[in-house]
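Subject: Structure handover

Hi,

Here is the structure I promised to pass on to you. Please open it alongside this email, and my notes on what turned up in it follow below.

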There are 2 protein chains.
Amino acid sequence: MEKTAMRNLCKTYISKGATIVPEHVSKQIIEGYGIRIPEGAVVKTSEEGIKFAEKVGYPMVLKAVSTKILHKMELKGVVLNLRSPEELKISFVEMQNIFSDRKEKLEGFLLEKMAPVGAEFIVGLQNDPHFGPVVMLGTGGVFIHLLEDITFRVLPVTQNDVEEMIGEIKGKILIRGFRGRPPLDEKSFIQALLKIGQLGIDAAGLYESMDFNPLLLTRQETVALDAKIILAKDAMEPSISEEKPNITNMDKLFAPQAVALIGASTTPGKIGNAIADSLINHQFEGQVFPITRGGKKVFGLENFENLRDIPGKVDLAVVVVGLALVPDILDQCHQLGIAAMLIISGGGKELGGEQVVLEQDIQKRSRKYGIRIIGPNCIGCFNARNRFDAFFQVYERMIRPPLGNIAFITQSGTYGCSFLEECAITGASKMISYGNRVDVDEADMIAYLAQDPDTKVIASYVEGLGDGRKFLRAARDVIFKHKKPIVLYKSGRTKRSAEAAQSHTGAYGGTYGVYLGAFKQSGILTVDSYAELVAATKALSMQPSAQGQGISMISNGAGPMVNAIDMFGRYGLEIAELESYSIQEMESHFPDFYICKNPVDVTGSGTSDDYALAMESLIKDPAVHVIMNWFVFQDTPLDEGIVKVLEEINQKSPKPILCGATGGPYTKKMSRAIEEIGVPVLNTAHTWIAAANALVRWGKIQKTL
Amino acid sequence: MEKTAMRNLCKTYISKGATIVPEHVSKQIIEGYGIRIPEGAVVKTSEEGIKFAEKVGYPMVLKAVSTKILHKMELKGVVLNLRSPEELKISFVEMQNIFSDRKEKLEGFLLEKMAPVGAEFIVGLQNDPHFGPVVMLGTGGVFIHLLEDITFRVLPVTQNDVEEMIGEIKGKILIRGFRGRPPLDEKSFIQALLKIGQLGIDAAGLYESMDFNPLLLTRQETVALDAKIILAKDAMEPSISEEKPNITNMDKLFAPQAVALIGASTTPGKIGNAIADSLINHQFEGQVFPITRGGKKVFGLENFENLRDIPGKVDLAVVVVGLALVPDILDQCHQLGIAAMLIISGGGKELGGEQVVLEQDIQKRSRKYGIRIIGPNCIGCFNARNRFDAFFQVYERMIRPPLGNIAFITQSGTYGCSFLEECAITGASKMISYGNRVDVDEADMIAYLAQDPDTKVIASYVEGLGDGRKFLRAARDVIFKHKKPIVLYKSGRTKRSAEAAQSHTGAYGGTYGVYLGAFKQSGILTVDSYAELVAATKALSMQPSAQGQGISMISNGAGPMVNAIDMFGRYGLEIAELESYSIQEMESHFPDFYICKNPVDVTGSGTSDDYALAMESLIKDPAVHVIMNWFVFQDTPLDEGIVKVLEEINQKSPKPILCGATGGPYTKKMSRAIEEIGVPVLNTAHTWIAAANALVRWGKIQKTL
């Protein structure tokens, strides 16, 4: 069955109000896509069944046919391993009896030749709310919810994607010679996954989800033993987003020459006052026009009653007044040729109800007028080059970092504030807290940063994406064309209740698994906490990428190295196996009680010269790809010459150097001094390793650029 | 078969050089312990087999009998589902042929009635190097390495332990009505686990590990379908440690009146100089006697050539000289009546070889003389009450905290330093970095802290325990008798290679799983990073425990709350479902755009009064057990009155309050101010939740006290 016939067939079932396509029809569909199914036939009576069984051979499997049954197994609608006409007959009668009492009508019997022994996987398709059609691969038939050994990709998938998926699941060990058995037919498995992927694209708009469970992999072939197609409520044309990022006029948001502040206030503590302070009293050199009722000057600047009273051209309107006023303000902006707006005010769709409609109105006008909007419900943006920001976080409470190469886009203003302060030494290029994303979205922002010469690394905190496909397309452009890494922390991962979903795949749809697969597929580096996000970003900003996964460590206190090694497995990092000459070099210089293999322990007696010698040895060693120093600065023998040592070695080392230290004021002072010369210092073993991992992963991606 | 017969039988096999007990004998052993096994017989020929099969009924399972085969399945030594005399005969011949080419001798055939359908689990016993006999429960027969759904307990186990084990594995869903099926016979399963536990105790010293895999659970019974006993190389008497903690003379280590510093130095930067500085020039008011070659005064104090030259009584010898000198020094101490020694020097067993022997010598003399030793290879101990420490971390580099109620015992000096500085506001009671643990071990230390009136909470960083059972016994005493919580971070978790182990249970022996089970069983609260350790300890030190798992959150920035909720599942925490009157109270006072359900979002406009009102509402709400505030201190509307608000509410609230904030200098200043009034402020969402989790778990344990 080819695409058109398949779509027509699905549409017919949808129009009849069917929830699912009957199994034997589903199997015809996938057979049409070149996927093997068991020999089978739909029969009405046991006599017909026995005839068919004699043709294809016992043992057989008997299944109930119905367009209403979602979980046949639970309803006793499946009997396996029927070995004779007698057994077959008994099962026919039993199944008829069982279903005679049920509301689900029995529409016939599907009789199939029992499959040989093999490894069972689940492959599923899901119409994801953010990414559209996605494919899932998981291990283990009914045990999927115990194993939770699954991975997703956004469709379409390439052979490389499919191979990566197989490589990611633990169940791969079942394929490649499990417990001494011969390997299974992985090639046919890859082909089957690609074909199911094609079906997922071709059937877009017509299905909610599909389960091929189990997809049986034997030594000779891959067979779909079951196929469940859960239909969409209404048939739709394929709705796969083709949206492209739009960066028109975004310069006005980041580098405005003249800013109108609508809702400026003279009352200290008010948001409109704090923003006025940030714009007027500090580093921003553009023009500022406060707008508010009542004639008082704002920090010495003339106050305007209305946008149209402002003399000269305004680039950007910053809005702090109630959201209900925004539609009118947009009309005015359009008349006055103001092309960009930053809406700090909240009270939009996060409150639900009428406010959702209000935001839709704002969006409509923004699109109609071509006025670019960031917000509402955000803290706005920061440009380190022209020192523009409209933050209601006053300077006394929040550091504005110097110009650096890190950009941060964040759905959380809280992390926006924190991140800027984390960049006090490294510097930042831009920061955007984008809130409800009524116009400018994540994709637009990264597309803008892709061409921003100040930005080398993009960090991102995301709770949920708008148009996932648009974002992935933009991200691939940033990474593979502009060669800038994106590090992303996705929060809001809680799994939605599996019971509510109609398919196994559906139970995992909308979860972090889908996002994770999509990010991997697009070259985005993911992390699992905000602290890791900061660490990974700093490392990518300050250090070269790693040319392999060989980690070396040096410390005058072993504890954090022990912690770090605990995490190697999770990340696929390795303790570099040193060449004997590296070890000998250290042994010939160090006291007997130093430990001269990797990780190197220079003990509490370690000095800056000891670290220098160890680092020099490790940099020369071909097995080493990352040099990691942990410092116990509290230990008196470790002299402050370490800063100079690091500065010199960092300048000439082609391999990345990452440091770690934890402690009080003195440790923090030393850590700052080292960051100032360009080497990151992380303060937990977890973030130290997360930073290394980012450099290793980025190194791997760079090799493909 | 009862205990003596079982032990004699095992000893016979061991003396014959057998690796394993043959399966049918293993099954006789467990049948003797009251565990059901399939009907079976060992037969020599197919004729015998057919006779037996006719007696018990088909289908049958045929298994090879051998004392050499570890993994029958891989070697084709198992054939399932033989349904007729013909099939049985064929399999006999095939198996004979297969084994005729093998080095493993076929000693007979075990023929068993094929088991009915049920859920498969693995239960194992392991002779753990730290804890002695332990029991493992896991899900899923051969899939155990895919599922890794396992849990351990130290033997003996109570019914409560066994029920907790079942509750911890995901596979429990197979027992309690999986996918609509009737529930299985959990009662018989619990009994079988208890009986296997008894076997594990009775057979101690004779086995390396045992696998009961699968242990089949059906609707009617629990049956051990396979039983593999891997014997110890040499038969030993039960070696279950009965050691008790020894706190004799430990006061001399923590509260010495007079200290001899053996290896004092006048050279700045040397460890012996730094320690002299810490002892002489700062807060310690006891007497100090520097000992070193060469007559120079040390920081103005008279220097001695030898211990015996010191006038008057010495309580404690602090040793910084080479370890080789220590045996002699111990002899001298014994002669001089010095009962305690702190060995800072490294160069002991961590280097292997001869140094191991040297440490054994030191240990022998310590035991013989009754001299208590901390170290070697450590930074020593700190007592906040008398301000004693012998740290080579000078005051300029490391804060000594004020007196507080937190004690920290740590195998890592690095974390010892860091932890003291983390306690700069909360204070600490004692800290011990114990290094190689030649005498005083973890158990002695927590037993000492149990009766220390200054200590309320014990934090511990552990890489590996010495005598695990001694520690657990001491920990239970601390927790259940002295009612002090122990929070523990165990590092060094990397799994040892599963391939090397001879049993499935063995593959997980010595891993973190064993430690985790042991800690749970003993009421120890575990965490997964050093940062979490600090957070959990602070919370327990400063706040009351929680009377339930209902969490409430308030913030003027939602991001960290979203992160926090991601972690609720992992910890079993719940978002408290507020009473409608709590919501109404907030709604009647707050602006429309605040979100007045849990988590409460007072938005960027939130003031200290807003937090006060929300907290008051939540404290009154019966569903709420923990009040969690996240602050974006950078947001200008949040006034500094928040400190006073928290002080007042904290004084009267019976429910714990935990705060969080992340940012630069202003945020840190505010965080400090809040910690000073007794409310912890964590700086990541992860540690904020880890702190809450500790209070919830401690609350649960307290209810059992």
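This is a predicted model: local features need pLDDT of at least 70, side-chain atom pairs count only at pLDDT 80 or more; totals for chains, interfaces and linings use all residues.

A:Pro376 sits in the loop between strand 16 (372-374) and strand 17 (380-383) of chain A.

You will find A:Asn81 in strand 4 (residues 78-82) of chain A.

Next, the helix packing in chain A. Helix 10 (residues 326-336) and helix 11 (residues 354-369) of chain A pack at an angle of about 10 degrees, and their axes are 9 Å apart. The cut-off for calling two helices roughly parallel is an angle under 35 degrees, and helix 10 and helix 11 of chain A are therefore roughly parallel to each other. On the helix 10 side of chain A, the residues that meet helix 11 are A:Val326, A:Pro327, A:Leu330 and A:His334. Their counterparts in helix 11 of chain A are A:Asp361, A:Ile362, A:Arg365, A:Ser366 and A:Tyr369. Sorted by class, this contact between helix 10 and helix 11 of chain A has 5 nonpolar, 2 polar and 2 charged residues.

Helix 6 (residues 159-168) and helix 7 (residues 186-202) of chain A have axes that come within 10 Å and cross at roughly 115 degrees. The crossing of helix 6 and helix 7 of chain A is right-handed. Helix 6 of chain A brings A:Gln159, A:Val162 and A:Glu163 to the contact, and helix 7 of chain A brings A:Ile190, A:Leu193 and A:Leu194. The residues in this contact of helix 6 with helix 7 of chain A divide into 4 nonpolar, 1 polar and 1 charged.

Now for the domains. Chain A is assigned domain 1 (117-240), domain 2 (250-538) and domain 3 (544-702). The centres of domain 2 and domain 3 of chain A, taken over C-alpha atoms, are separated by 37 Å. In chain A, 13 residues of domain 2 are in contact with 13 residues of domain 3. Which elements give two or more residues to the domain 2 side in chain A? They are strand 23 (525-527) and helix 17 (530-542) of chain A. Helix 17 of chain A supplies the largest share of that side, 5 residues. By class, the side of domain 2 of chain A that touches domain 3 has 9 nonpolar, 2 polar and 2 charged residues.

Chain B has two sheets I would like to point out. One is an open sheet of 4 strands in the order 2-5-3-4 (chain B), with antiparallel pairing. Its edge strands are strand 2 (40-43) and strand 4 (78-82) of chain B, each pairing on one side only. From one strand to the next, the twist averages 20 degrees. Strand 3 (residues 60-65) and strand 5 (residues 108-113) of chain B run antiparallel and are joined by 6 bridges; B:Lys63 has B:Leu110 in strand 5 of chain B as its bridge partner. Helix 2 (residues 23-32) of chain B packs on this sheet and touches strand 2, strand 3 and strand 5 of chain B, with its direction making about 110 degrees with that of strand 3. Helix 4 (residues 85-100) of chain B also packs on the sheet, touching strand 3, strand 4 and strand 5 of chain B, and its direction makes about 20 degrees with that of strand 3.

The other is an open sheet of 7 strands in the order 18-17-20-19-21-22-23 (chain B), and its pairing is mixed. Strand 18 (388-389) and strand 23 (525-527) of chain B stand at the edges with a single partner strand each, so one side of each has no neighbour in the sheet. Strand 19 (residues 403-410) and strand 20 (residues 428-433) of chain B run parallel and are joined by 5 bridges. B:Leu403 has B:Ala428 in strand 20 of chain B as its bridge partner.

Best wishes

Note on methods: Residues are numbered from 1 along each chain as its sequence is written. Chains are lettered from A and ligands numbered from 1 in the order in which they are written. Axes are lines fitted to C-alpha atoms, for helices over the stretch in contact, and angles run from 0 to 180 degrees between N-to-C directions. Angles under 35 degrees count as roughly parallel, over 145 as roughly antiparallel, 65 to 115 as roughly perpendicular and the rest as oblique. Two residues are in contact if their C-beta atoms, placed from the backbone, lie within 7 Å. Ala, Val, Leu, Ile, Met, Phe, Trp, Tyr, Cys and Pro count as nonpolar, Asp, Glu, Lys and Arg as charged, and the others, Gly among them, as polar. Domain bounds come from an automatic or database domain assignment. Two strands pair if DSSP finds at least two bridges between them. A crossing is left-handed if the near helix is turned anticlockwise from the far one by less than a right angle, and right-handed if clockwise.
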